[in-house]
Amino acid sequence: VSQSRYNRLKGIQDKEVTLKDKIEKLVGGLRSAMSYTGAHNVLQYQSKVVLQRVSNATLKENVAHFKEE
């Protein structure tokens with residue numbers, strides 16, 4: 001894994017993140033979630049989505065795992 005990719009996946013920023021970058025990431029996540037539910041617009045997504053609580057252990061386990069080189 002390259003150092004740059006490793007840093008991105010670990011949340012280490014190589015540069016200052018702009019508001020535009022944050023909005024693009026948010027919109028990308030929303031589009032991804034909409035595709036999982038089969039929604040074609042936000043109104044369909046709101047009617048199809050089911051939110052579930054998850055524990056801290058679940059959040060910890062649902063990240064990329066790295067083997068240190």
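Modeller: Helices and strands here are DSSP runs, a helix having at least four residues and a strand at least two. Please note that this is a predicted model.

Biologist: How many helices and strands are there in the protein?

Modeller: Read along the sequence, the pattern is α-α-α-α. The protein accordingly has zero strands, and its helices number four.

Biologist: In which helix is confidence highest?

Modeller: Across the protein the pLDDT averages 82, and 77% of the residues score at least 70. Confidence is lowest in helix α1 (residues 3-10), with a mean of 70. Where pLDDT is low, the predicted coordinates should not be read in detail. The highest value, 93, belongs to helix α3.

Biologist: How far apart are the end C-alpha atoms of helix α2?

Modeller: Helix α2 comprises the 19 residues 19-37. At 1.5 Å a residue, the helix should span 27 Å. The model agrees with that expectation, for the end C-alpha atoms are apart by 27 Å.

Biologist: Which residue forms a salt bridge with Glu24?

Modeller: The count comes to one salt bridge. The closest N and O atoms are 4.0 Å apart, and the partner of Glu24 is Lys20.

Biologist: Is Lys20 buried or exposed?

Modeller: Glu24, at 46% relative accessibility, counts as partly exposed. A residue is exposed when its relative accessible area is over 50%. Because Lys20 has 57% relative accessibility, it counts as exposed.

Conventions:
Residues are numbered from 1 along each chain as its sequence is written. This is a predicted model: local features need pLDDT of at least 70, side-chain atom pairs count only at pLDDT 80 or more; totals for chains, interfaces and linings use all residues. Side-chain values use heavy atoms; hydrogens and water are left out. pLDDT is the predictor's confidence in each residue, from 0 to 100. The expected span of a helix is 1.5 Å times one less than its number of residues. A salt bridge is a side-chain nitrogen of Lys or Arg within 4 Å of a carboxyl oxygen of Asp or Glu. Buried means under 20% relative accessible area, exposed over 50%, partly exposed in between (1.4 Å probe, protein chains only).
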